[in-house]
Amino acid sequence: MNDVGGPTIFDRVLRPLHRWIWSDAHRRGRKLLTFSETEAEGGRDISRAAELTRDPALRRLYLRHAEDEARHAELFRRRGRSLLAGLPRRGEVAEVNWLTPGERGLDDLRVDERNEETLLAFLHLSEKAAVVRFNVYLDVLRGDPDTGAVFARILEDEAFHMSYTRKQLARIAPRTQGLRLLQARASRIWKAYLRVAVALAALMGGALLSLQYFVLLPPFALLAKRAARREEEGLQPARPPPALESQY
Ligand SMILES: [Fe+2]
Ligand SMILES: [Fe+2]
């Protein structure tokens, strides 16, 4: 386990669910490909942050960070593809990404809209969450040492990202660092709430549609069948058109 602290209570309670989600090799492969996209997108955003910053030390760190995320994308993509290549083709599989996301936070980066302090606070919390989460995945992936090795390798970089963002925040905002972290935490909680609300709404929408399908449609199908039985078979002569009495 990494020295950032163990998994959250939420993750501990949901550990059996994490185990179940990662136990399916097909889902595992698909999730790694999705993780790869998040890492690649995050790497591009952090490159943009390197372009925008006026601080030379931060520029160097952002560039290294962006390279790391691009490498993570490649590692996840390669492992995901090799997993899927060895499996028979299958249709869609639920990835349950709202519960077992990748490096969440990188997908929410708005580099152009954030100032340096806010960006560092947000990055720090995202990287910290990734370290805790990837440790949980590493733990439930004991049956797949190759995928576990990918997470272990990536975790080393994520721990560095977590610590440099914290140190740099303390350097550039010694007096407001606590406030920035508080604001970033509130923003993450709000986004987490929105994600759960959207997932629940989708679940309820699906349940309501199924209910309509099984409860409302059968009487209509029955009525249609009865009407069809009353129809005579074969072609019927057309009804005569109504008499034309005016041009309207
Ligand atoms: Fe990463
Ligand atoms: Fe990272």
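User: Let's jump in: what joins the side chains of T147 and R79?

Analyst: A polar contact of 2.9 Å. The term covers a pair of N or O atoms within 3.5 Å; within protein, one must be able to donate a hydrogen and the other to accept it, and residues adjacent in sequence count only if both atoms are side-chain atoms. Ground rules: this is a predicted model, where local features need pLDDT of at least 70, side-chain atom pairs count only at pLDDT 80 or more, and totals for chains, interfaces and linings use all residues. Residues are numbered from 1 along each chain as its sequence is written, chains are lettered from A and ligands numbered from 1 in the order in which they are written, and side-chain values use heavy atoms, with hydrogens and water left out.

User: Which helix does T147 lie in, and is T147 buried or exposed?

Analyst: Helices here are DSSP runs (H or I, at least four residues; strands are E, at least two), numbered from the N terminus. T147 lies in helix α6. Buried means under 20% relative accessible area, exposed over 50% and partly exposed in between, with a 1.4 Å probe and protein chains only. T147 has 0% relative accessibility, so it counts as buried.

User: And what is R79 in contact with, leaving aside its neighbours within four places in sequence?

Analyst: Contact means heavy atoms within 4.5 Å. With those neighbours set aside, R79 is in contact with L32, D144, D146, T147 and V150. R79 sits in helix α4 and is buried, at a relative accessible area of 14%. There's a second polar contact too, of 3.0 Å, between the side chains of R79 and S82.

User: How do I check a helix like α4 for length, and what caps its N-terminal end?

Analyst: The expected span is 1.5 Å times one less than the number of residues. α4 has 30 residues and reaches 43 Å from its first C-alpha to its last, close to the 44 Å expected. The cap is D55: one of its side-chain oxygens lies 3.0 Å from the backbone nitrogen of A57.

User: How many of the 25 residues of α5 are buried?

Analyst: 21 of the 25, so α5 is largely enclosed by the rest of the structure. One residue found in α5 is S126, buried with a relative accessible area of 1%. Beyond its neighbours within four places in sequence, S126 is in contact with R104, G105 and R188. N115 caps the N-terminal end of α5, with a side-chain oxygen 3.1 Å from the backbone nitrogen of E117.

User: What about packing: how many residues has the largest nonpolar core?

Analyst: A nonpolar core is a set of buried Ala, Val, Leu, Ile, Met, Phe, Trp, Tyr and Cys residues joined through side-chain atoms within 4.5 Å. The largest one has 21 residues, and I46, Y62, L109, L119, L123 and L169 have the most contacts inside it. Two or more residues come from each of α3, α4, α5, α6 and α7, and α5 gives the most, with 6 residues. Apart from it lies another core of 19 residues, including L14, L99, V131 and F134.

User: Now the rings: how many aromatic pairs does the count come to?

Analyst: Rings of Phe, Tyr and Trp (its six-membered ring) pair if their centres lie within 6.5 Å; planes under 30 degrees apart are stacked, over 60 edge-to-face and the rest tilted. By that rule, the count is 15. W22 and F151 make an edge-to-face pair, at 5.8 Å centre to centre and 90° between the planes. The pair links distant parts of the chain, W22 in α2 and F151 in α6, 129 residues apart. Both W22 and F151 are buried. Ring pairs also link W22, F35, F76, F134, Y137 and F151 into a cluster.

User: Last one: which residue lies over the face of F160?

Analyst: A charge sits over a ring if NZ of Lys or CZ of Arg is within 6 Å of the ring centre and within 35 degrees of the ring normal. R64 does this for F160, at 3.9 Å from the ring centre. R27 lies over the face of W20, at 4.5 Å from the ring centre.
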